[in-house]
Amino acid sequence: MFKQLKDLAGGEFYLITSLIIFMVFFLIVAVYLYKMSKGHIQIMSNLPFENQQNNTDEED
Amino acid sequence: MMQLEKFSYDNKIVRDFGIATIVWGIIGMTVGLLVAMQLFKPEMNMGNQYTTFGRIRPLHTNAVIFAFVGNAIFMGVYYSLQRLLKARMFSTALSKIHFWGWQLIIVSAVITLPLGFTSSHEYAELEWPIDIAITVIWVVFGINMFGTIFKRRERHLYVAIWFYIATFVTIAVLHIVNSFQLPISFLKSYYVFAGVQDALVQWWYGHNAVAFFLTTPYLGMMYYFLPKMANRPVYSYKLSILHFWSLIFIYIWAGPHHLLYTSLPGWAQSLGVAFSIMLIAPSWGGMINGLLTLRGAWDKVREDVTLKFMVVALTAYGMATFEGPMLSLKQINAVAHFTDWIVAHVHVGALGWNGFLTFGIMYWLVPRIYKTELYSKKMASFHFWVGTLGILFYAVPMYWAGFTQGLMWKEFTQEGLLKYPNFLTTTLQIIPMHVLRGIGGALYLSGVVVMAYNLGKTMLKGSLVADETAEAMPLAPDIEETDPADKKWHRVLERKPMKFMVFSLIVILIGGMIEMMPTFTIESNIPTIASVKPYTPLELQGRDLYIKEGCVNCHTQTVRPFRSETERYGEYSKAGEYVYDHPFLWGSKRTGPDLHRLGGKYSNAWHFNHMLDPNSMSPGSIMPPYPWLITQTLDISTTEAKIKAMQTLGVPYRKGFELEANDKLKQQAEEISADLKQNNINVKSDKEIIALIAYLQRLGADIKANKSTIPSNQ
């Protein structure tokens, strides 16, 4: 199975670059999620429920 | 001091899209049932060209994707967007233009596809003027959506809206890039790209149409409607964000898994495989997030039919998104590709995920905008069970048929010969499965008809709250600049819709660019073959008939490098063979055999008789007869424009060739007609069949005589 990923006659460059780009992107999203506060999450996940409205900012 | 503002939600547009969803759903599925029946009883084409498989299979796919699912998306978006933003749609007029424009586009598809006006790119068959209309209406939708976002009364953009924005921007990019066509007349055009490059663009589009039309808007709807139905927030909002970004990032790379073992460069295929495997993670993240939203509410699932639909929809999503990556593994793909396995896979997604999520939302939404109760819960429950049975009856026989045929194609005898050298044997083996599939489809469709009746009665029972009053505080205009919390980088995106759109655009462009740029710019990726020459004018006209009749829906033109295929069809296909193919015609399904090495295999007389009555040459064949090709006169008024267009696209016809093209065409047609006459077949040289035979006899002929000069694909 790994032959598919190894025997690429020079095409490995594209594969490795792509995976690195994804890893970097994934890490950015991970940091973004880590930095989100619980209060903010609470507000965001309650948005579909009509009786609440958030047009001011909660503190982190 | 700010005051509470009174406004109203536009429910009428939601209702209109809802009705359109039901109407087109029934039409699209009925056409689906008709084409399904033609695969075991060809006479179901009703003996005319306008209802023959090759022309109406695209009608089925376009109708269910863009008419049924499309209208359902707009219904869901127009309902949820207004409420999530606490604002009426930006412009009622734009909503109406969007609605009627979209319906007109669908009607134009219903007219043009049976008439044979098709670009041949799967799920993008509509010709260029309709492509332009789609672009305009899509922009209208975008303006209406962003206009609403700008005048919102809710500062934060809920994750559902992220999915809607990503849908809008990605579909725009996909549609535009996959519509690079050179028009030669009002309803005929050639794709700018050829062969391998055209294939890559098409399947980058085709795969991402699944991703960004059938998946992301539905995930957005799932994130809004499921919490509403279960009356509890989504299980994990963080997971939804991770789900969103990784899904849109990864999905866009996966297209090449539709082209495994073709002449697409190997690294691009591997990239498609790798990202397809990775796709399991975000897809299952979304499914799990949906199912866990129902934690502690499973008792409701037993009572509430809407939740039942949602649970099956999410389960089908989970199954299809696990199966997809598995199918992209080369070893599995080698057996599954071109068989009914793929048809089963697609329909688990379409019937289960898209269909059931749509039904769940409609049963929830229609009584609400009509301020009444559902007319009959029993009927809805019946719909749920008959629909579920329908999916099973559809999918199980198709899996069975897929495994059976895929393995039969590959089976060798002990002596090393193909066990089933006649393709037709493998087709006849799975006919009973096709009958069962038809029953499955009929069950599913009957459920939808019951739903239509039930919802119709519900609408009659209540009365539409066309403008639902609501009130909310306005957004303070300057708060974004003054509040320091706003400047936090991770907040910016969910506050600034335009930045958000640009960022998601960049995210989805990365994958497509890395895959496409090298294939388009580095010559060594498409090795040329000296013996491959442009089509003669008659062959070119014949090729356009092949496109018009939709032959590509059942026949591939790409021989994979397996012994089982080179034994059956001949030399495997090379990238350099397709350089003049605008568009590529590799196909995605082998209901009949591959045709890439057909040229010279049979006599002209064989082809004539086979097209007139396939059963006379291949007893038991399920290919429909094409008698009209023998009576209809070939339109040669277009030859000059076609040659000119090809010259513009870089096909090396010599200068001035377009002016003598029709003479050459007639000369070649006379030769074929004379050859047929020797076999006691009297047909005038100006008939369509002559051009089609010329094209079929050309297929693969370029390299047959020059095998030694051909470079390999990798």
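Two strands pair if DSSP finds at least two bridges between them. Strands (E, at least two residues) and helices (H or I, at least four) are DSSP runs, numbered from the N terminus. The model is predicted, so local features need pLDDT of at least 70 and side-chain atom pairs pLDDT 80 or more, while totals for chains, interfaces and linings use all residues. Residues are numbered from 1 along each chain as its sequence is written, and chains are lettered from A and ligands numbered from 1 in the order in which they are written.

Select residues 181-185 of chain B, which are strand 2. Strand 2 of chain B runs antiparallel to strand 3 of chain B, and 4 bridges join them. The two strands form a hairpin with 2 residues between them. B:Leu182 has B:Tyr190 of strand 3 as its bridge partner.

Next, select strand 3 (residues 188-191) of chain B. B:Lys188 and B:Tyr190 point one way, B:Ser189 and B:Tyr191 the other, and all are buried (20 or more other C-beta atoms within 10 Å of the residue's own, with C-beta atoms placed from the backbone).

Move to helix 12 (residues 305-327) and helix 14 (residues 340-369) of chain B, whose axes come within 8 Å and cross at roughly 160°. Axes are lines fitted to C-alpha atoms, for helices over the stretch in contact, and angles run from 0 to 180 degrees between N-to-C directions. Helix 12 and helix 14 of chain B are therefore roughly antiparallel (angles over 145 degrees).

Finally, select chain A. Chain A has 3 helices and 0 strands. Buried residues make up 15% of its 60 residues.

Technical notes
Parallel < 35°, antiparallel > 145°, perpendicular 65-115°, else oblique. Buried ≥ 20, exposed ≤ 12 C-beta atoms within 10 Å, placed from the backbone.
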